[in-house]
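Try each task before you read its solution.

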Amino acid sequence: QVQLVESGGGLVQAGGSLRLSCAASGSIFSINAMGWYRQAPGKQRELVATITRGGSTNYADSVKGRFTISRDNAKNTVYLQMNSLKPEDTAVYYCYAGVVVATPVRLVDSWGQGTQVTVSS
């Protein structure tokens with residue numbers, strides 16, 4: 001059993017900042033890629049940023065230069081620092097982790113329940 005719990009969402013004004021956190025717990029042997037996705041009302045879920053265990057990152061064009069993804073492998077936690085927020089960033093943000101479990105050995109795609117980010121104009 002693996003659980004991902006997000007925190008840090010909320011309501012901010014345009015131009016403000018938020019820092020999202022996501023902590024994984026449970027029967028974890030290791031975690032491969034981690035990332036953040038978001039879904040606005042009436043739209044498909046889209047990738048925001050990903051990070052490998054070794055620290056290689058990838059960002060959606062819409063957030064490059066404004067968002068930074070990072071991780072603490074010792075804490076099984078991934079972060080998303082969001083600066084210069086815009087109203088179009090408003091969405092539910094979901095945490096993702098590719099978790100390796102041991103019994104039996106397998107890769108489990110794990111998702112958090114989501115945290116709301118609302119940016120007012």
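**Exercise 1: the overall build**

From the N terminus on, the chain's elements run β-β-β-β-β-β-β-β-β-β-β. This is a predicted model: local features need pLDDT of at least 70, side-chain atom pairs count only at pLDDT 80 or more, and totals for chains, interfaces and linings use all residues. Residues are numbered from 1 along each chain as its sequence is written, and side-chain values use heavy atoms, leaving out hydrogens and water.

Count the helices and strands in the chain.

*Solution.* Step one: there are 0 helices and 11 strands, where helices (H or I, at least four residues) and strands (E, at least two) are DSSP runs numbered from the N terminus. Step two: the radius of gyration, taken over C-alpha atoms, is 14 Å, close to the 14 Å that the globule rule (2.2 Å times the number of residues to the power 0.38) gives for 121 residues, so the chain is as compact as a globular protein of that length.

**Exercise 2: the open sheet**

Work out the strand order in the open sheet of 4 strands.

*Solution.* Start with the order, which is β1-β3-β8-β7 with antiparallel pairing; two strands pair if DSSP finds at least two bridges between them. Next come the edges, β1 (2-7) and β7 (67-72), each pairing on one side only. Then zoom in on β1 and β3 (residues 18-26), joined in the antiparallel sense over 6 bridges. Here glutamate 6 sits opposite cysteine 22 in β3.

**Exercise 3: burial**

What percentage of the 121 residues count as buried?

*Solution.* Apply the cut-off, under 20% relative accessible area with a 1.4 Å probe, protein chains only. That gives 40% of the chain's residues.

Notes. Buried < 20%, exposed > 50% of the residue type's maximum accessible area, 1.4 Å probe, protein only.
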